[in-house]
Amino acid sequence: MRISPTLTWYFGKHVLISILGILALLIGLILIGDTIELLRRAGGRPDATVGIVFQMATSRIPFMTEKVLPFAVLFGSMFSFWKLTGNQELVVTRAAGVSAWQFLLPPIMCAILLGSIQVMALNPLSSILLQRYETLEARYLQGNSSVMNLSSNGLWLRQGTQDGQAVIYAREVRGQATDRVDLRNVTVFRFQNADDFTTRIDAQRAVLEPGTWRFYDAWTFHPGQASEFSSELMLPTNLTARKIQDSFASPETMSFWDLKPFINLLERAGFNATRHRIHFHSLLSRPLLLCAMVLIAAAFCLKFSRRRRASLVIGGGVATGFILYFCTDVISALGVSGGIPPVLSAWAPAGISLLLGVSTLLHLEDG
């Protein structure tokens, strides 16, 4: 029997409302916890007012929504299936000849819709607000004027040039704006091809402007030649202040639409882009992961709820959520360390979850 459009809309709406309700509850709890923690951290800092703390807490809402969305889909779907079965609606539907796979189609379509919205719309918003959060945190809670934190050895950058590469080392970062970076006590090593050293530049100051590095009071050294002094020296570059900031930030602060070009830029410059590649493919796999959450929820509720085993359903759902979270972190760490290919580490949690849900339903359901 073919499921009717009215029944399709009813099941889809029921599951979607449950998912959004659980998601709102989780986000509310996280917002309260983040606000309390930020107020504690801001206790000894007079500049960090309640308004600043509230801005920081709300700036993390889209990011945390991305984190908890799979769990909201899992628990929301479980609650919806439990309620539909308890009201005998699914029992009547199946008695009318509609199989489990047919009435699971609307919830799966809702999961695909939510995953697509997250990747294409929520993630870009999350990246912008998370950068704002990190800027406010660096300024008001950490006392830094820039999110580019220097290590104990200084700041190291590398860029591709027309004839090779250039490695830039600065001992101090004086200022950072949206299109400008000011470095002091700068040394530049230029290489032809891969590792043929050609030039060294020592400058008191280097300013990154659109399309170029501008060095002040610079000495240029060529092997076997006398050094040259220049009050001002130019070096073309494809770096921008945004790209430099992104290279120091986590992949979560980058929009989905910017990740692929930035990965290509990192690899051309010789940097390791494994973390960004894993994050990019994790976003691509998100609709598949949400579909897997719906199938796992159905596997727990469609049979067990009819037997009134509430503790088994709730415990199984919570355990599944924690196991998924733990396995995702472990597999991601293996991908970052090079133990498994990055693409595999990103798609494995969604693929394994989907296979688990499908196999369990095939075992429990008869139609």
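Contact here means heavy atoms within 4.5 Å.

## Basis of the model

This is a predicted model: local features need pLDDT of at least 70, side-chain atom pairs count only at pLDDT 80 or more, and totals for chains, interfaces and linings use all residues. Residues are numbered from 1 along each chain as its sequence is written, and side-chain values use heavy atoms, with hydrogens and water left out.

## The chain as a whole

The chain has 12 helices and 6 strands. Both are DSSP runs numbered from the N terminus: helices are H or I with at least four residues, strands are E with at least two. Of the 367 residues, 45% are buried. Buried means under 20% relative accessible area, exposed means over 50%, and partly exposed lies in between (1.4 Å probe, protein chains only).

Take the contacts between residues at least 6 apart in sequence: 64% of them join residues at least 24 apart. The chain exposes about 18400 Å², and carbon and sulfur atoms supply 62% of that area. Accessible areas come from the Shrake-Rupley method with a 1.4 Å probe; for residues, only the protein chains shown count as cover.

## Two nonpolar cores

A nonpolar core is a set of buried Ala, Val, Leu, Ile, Met, Phe, Trp, Tyr and Cys residues joined through side-chain atoms within 4.5 Å. The largest one has 53 residues. Val-73, Phe-81, Phe-103, Leu-104 and Leu-302 have the most contacts inside it. Elements giving two or more residues to this core include helix H1 (5–41), helix H3 (61–86) and helix H12 (342–364). Helix H10 (286–301) is also on that list, and H10 supplies the largest share, 12 residues.

Val-73 shows some of these links. Leaving aside neighbours within four places in sequence, Val-73 is in contact with Ile-19, Leu-114, Leu-290, Met-293 and Val-294. A second, separate core has 21 residues, among them Leu-157, Leu-183, Val-186 and Phe-215.

## Helices H2 and H6

Helix H2 (residues 50–59) packs on helix H6 (residues 105–141) at an angle of about 145 degrees, with the axes 8 Å apart. Axes are lines fitted to C-alpha atoms, for helices over the stretch in contact, and angles run from 0 to 180 degrees between N-to-C directions.

H2 brings Ile-52, Gln-55, Met-56 and Ser-59 to the contact. Residues on the H6 side include Leu-129, Arg-132, Tyr-133, Leu-136 and Tyr-140. By class, the contact has 8 nonpolar, 2 polar and 2 charged residues. Ala, Val, Leu, Ile, Met, Phe, Trp, Tyr, Cys and Pro count as nonpolar; Asp, Glu, Lys and Arg count as charged; the others, Gly among them, count as polar.

## Covered places

Helix H9 (residues 274–284) is mostly covered, with 8 of its 11 residues buried. Among them are His-276, Arg-277, His-279 and His-281.

Ser-255 sits in the loop between helix H7 (241–248) and helix H8 (256–268). Ser-255 counts as buried, because its relative accessible area is 8%. Not counting residues up to four places away in sequence, Ser-255 touches Asn-123, Pro-124 and Ser-127.

Most residues other than glycine have a negative phi. Asn-185 has a positive phi of about 55 degrees. Asn-185 lies in strand S3 (residues 181–192) and is partly exposed, at 32% relative accessibility.

Asp-217 also has a positive phi, near 55 degrees. Its place is in strand S5 (residues 212–221). At 39% relative accessibility, Asp-217 is partly exposed.
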